[in-house]
Amino acid sequence: MSTGYDCLLENALRDKDEPKVFSYEDGAALRLQEELKHYVVKVHGDVRTPQKAILSVSDFKHQIIPNEPYRAFLEDLFRTRTLLLVGYRSYDPYLVLLMDRLVSTFRDAAFDHYAILPDTTAPE
């Protein structure tokens, strides 16, 4: 998962295979994928479709929160996989909204998740 709009992650993954690239608009398709192994989810959109980018908390609340298939996909990931978040900031408003929602819903059912955050100095 990437909050970046650029194509750096999928370009880096091309050494193995051509990764499938999804965005928040692909929630239903993501839920139908049984065994996705090599894919990138562009959480805030893609540079190739700038008109659909999530640029504000308001965009997030209007595009992500009501998008039930996408939210269900994220909830499935949160419940069934260990996630490593890289490149986010601990004060990223989208990350905070999403994690607050997921943690409050799946507090006891979730796997451990980890983050490498550039704005922290010690394990939190």
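This is a predicted model: local features need pLDDT of at least 70, side-chain atom pairs count only at pLDDT 80 or more; totals for chains, interfaces and linings use all residues.

Trainee: Which residues are linked in a network of salt bridges?

Mentor: The network links Glu10, Lys42, Asp46 and Arg48. Arg48 pairs with Glu10, their closest N and O atoms being 3.0 Å apart. That pair links distant parts of the chain, 38 residues apart: Glu10 is in helix 1, and Arg48 is in the loop between strand 2 and helix 3. Arg48 also forms a salt bridge with Asp46, with closest N and O atoms 2.6 Å apart.

Trainee: Is Glu10 buried or exposed?

Mentor: Glu10 counts as buried because its relative accessibility is 0%. Asp46 is buried as well, with a relative accessible area of 8%.

Trainee: And where do Asp76 and Arg79 lie?

Mentor: Both lie in helix 4, three residues apart, about one turn of the helix. Asp76 is partly exposed at 22% relative accessibility, and Arg79 is partly exposed at 31%.

Trainee: Changing topic, what is Leu98 in contact with, beyond its neighbours within four places in sequence?

Mentor: Leu98, in helix 5, is in contact with Phe60 and Leu74. Leu98 counts as buried, at 14% relative accessibility.

Trainee: Which residues form a nonpolar patch on the surface?

Mentor: Leu84, Tyr114 and Ile116 form that patch, with about 340 Å² of accessible area together. Ile116, in strand 4, counts as exposed at 51% relative accessibility.

Notes: Residues are numbered from 1 along each chain as its sequence is written. Side-chain values use heavy atoms; hydrogens and water are left out. Patches are made of residues with over 30% relative accessible area and no salt bridge: like charges are joined within 9 Å, nonpolar side chains (Val, Leu, Ile, Met, Phe, Trp, Tyr) within 5 Å. Accessible areas come from the Shrake-Rupley method with a 1.4 Å probe; for residues, only the protein chains shown count as cover. A salt bridge is a side-chain nitrogen of Lys or Arg within 4 Å of a carboxyl oxygen of Asp or Glu. Helices (H or I, at least four residues) and strands (E, at least two) are DSSP runs, numbered from the N terminus. Buried means under 20% relative accessible area, exposed over 50%, partly exposed in between (1.4 Å probe, protein chains only). Contact means heavy atoms within 4.5 Å.
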